[in-house]
Amino acid sequence: MASTNYFFPKHERGFALGVQGGLSDFGTGLVQFVTPLVIGFSALACLGSGQVAHLPDGKTITYWLQNAAWVWIPLVALVTILSWLFLRSVPVTANIKQQWAIFGNKHTWFMTLFYYGTFATFAGLGAQLALLGNHTFAGIEGAPSAVALAWLGPVIGALSRVGAGQVSDKIRGGRVTTIMAICNIIGLLALWWYKPTSVAGCWIWLIIMFWIFFWTGVGNASTTEQMAVLFPPLQGGAVVGWTSAIGAYGPFTIGMLLAECGAGVMFGVSTLIFVAILAINIYYYDRKNAPDLC
């Protein structure tokens with residue numbers, strides 16, 4: 001994604017980055033959907049022995065966890081070959097000093113917060129949805145299986161990211177980021193407050209969670225579009241790379257908050273992050289006479 005700025009004009013970068021990021025985010029849901037299916041088959045048993053799980057009722061089942069990795073190797077090999085044959089080189093070179101200059105720009109740090117808030121929430125909740133849902137639904141007879149539905153959240157976020165990139169190009173990424181931040185604050189506060197006590201309540205909880213996935217996907221697109229507009233291509237690529245790396249810590253930080261402090265604190269901290277994003281975005285990027293309207 002860091003090279004996308006070099007290949008597209010400013011008015012198309014949001015869409016290009018949205019498609020790139022959305023398709024890659026779609027992989028999160030795809031892995032969560034495919035993994036439970038492939039680990040139950042012994043077709044690749046020649047590549048490794050199965051593992052045995054002991055169930056509470058005394059029964060045992062055999063599964064092949066390594067299949068979750070083996071199944072992707074043909075696809076990775078194909079993509080490698082296609083990249084070698086058809087991927088163009090970036091027509092720009094830059095030294096470390098030129099790229100290091102991004103850390104002296106305040107917008108780098110604002111965009112780091114923006115992308116961390118959106119992507120970390122998306123990826124973190126994607127990694128924790130099954131565990132969080134099962135814990136929240138514990139004791140509710142007939143509750144939906146969060147494990148079976150965990151793949152759906154990342155898929156929703158991925159699809160919204162693809163669409164929001166083009167919208168951001170048309171109405172400004174800053175405006176989309178403002179709407180996104182408000183919607184995420186509403187959703188996170190709802191999850192912080194709402195505790196389901198019935199099967200219908202469980203579905204309400206899941207719908208709120210999918211609402212957050214939708215809007216974090218939108219934010220992933222709008223913030224990368226802002227980066228593409230705010231920075232020249234030479235620095236824009238470095239900023240996209242840096243913010244993406246920081247955002248990728250989402251599953252770790254969200255997981256640590258959930259494990260050490262509980263769901264309430266995790267949702268509360270995430271809400272405060274989006275409040276900060278909203279305030280900074282309105283002041284700098286989305287108000288009349290904003291110093292860096294984008």
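Q: Which residue takes a positive phi in the hairpin of β1 and β2?
A: Gly58 does, with a phi near 95°, in a hairpin that has 5 residues between the strands. Strands here are DSSP runs of E with at least two residues, helices are runs of H or I with at least four, and both are numbered from the N terminus.

Q: Before going on, what sort of model is this?
A: This is a predicted model, in which local features need pLDDT of at least 70 and side-chain atom pairs count only at pLDDT 80 or more, while totals for chains, interfaces and linings use all residues. Residues are numbered from 1 along each chain as its sequence is written, and side-chain values use heavy atoms, with hydrogens and water left out.

Q: Back to the strands: in which sense do β1 and β2 pair, parallel or antiparallel?
A: Strand β1 (residues 51-54) and strand β2 (residues 60-63) pair in the antiparallel sense, over 4 bridges. Pairing requires that DSSP finds at least two bridges between the strands.

Q: And what is the bridge partner of Val52 in β2?
A: Thr62 is the partner of Val52.

Q: Turning to the core, how many residues does the largest nonpolar core have?
A: The largest nonpolar core has 51 residues, and Trp205, Met209 and Phe267 have the most contacts inside it. Such a core is a set of buried Ala, Val, Leu, Ile, Met, Phe, Trp, Tyr and Cys residues joined through side-chain atoms within 4.5 Å. Buried means under 20% relative accessible area, exposed over 50% and partly exposed in between, with a 1.4 Å probe and protein chains only.

Q: Which elements give two or more residues to it?
A: They are α6 (106-136), α7 (146-149), α9 (173-193), α10 (199-230), α11 (233-247), α12 (250-261) and α13 (263-285). The largest share, 12 residues, comes from α10.

Q: What is Phe267 in contact with?
A: Leaving aside neighbours within four places in sequence, Phe267 is in contact with Leu125, Leu132, Leu188, Leu191, Trp192 and Met209. Contact means heavy atoms within 4.5 Å.

Q: How many salt bridges are there?
A: The count comes to 3, a salt bridge being a side-chain nitrogen of Lys or Arg within 4 Å of a carboxyl oxygen of Asp or Glu. In one of them, the side chains of Asp25 and Arg161 meet at 2.8 Å, N to O.

Q: Which residues are linked in a network of salt bridges?
A: Arg172, Arg175 and Asp286 are linked in this way. Between Arg172 and Asp286 the closest N and O atoms are 2.7 Å apart, and between Asp286 and Arg175 the N to O distance is 2.9 Å.

Q: Is Asp286 buried or exposed?
A: Asp286 is buried, with a relative accessible area of 7%. Arg172 counts as partly exposed at 23%, and Arg175 is partly exposed at 37%.

Q: Finally, what does Gly153 touch?
A: Not counting residues up to four places away in sequence, Gly153 touches Phe210 and Phe213. Gly153 is found in helix α8 and counts as buried at 0% relative accessibility.
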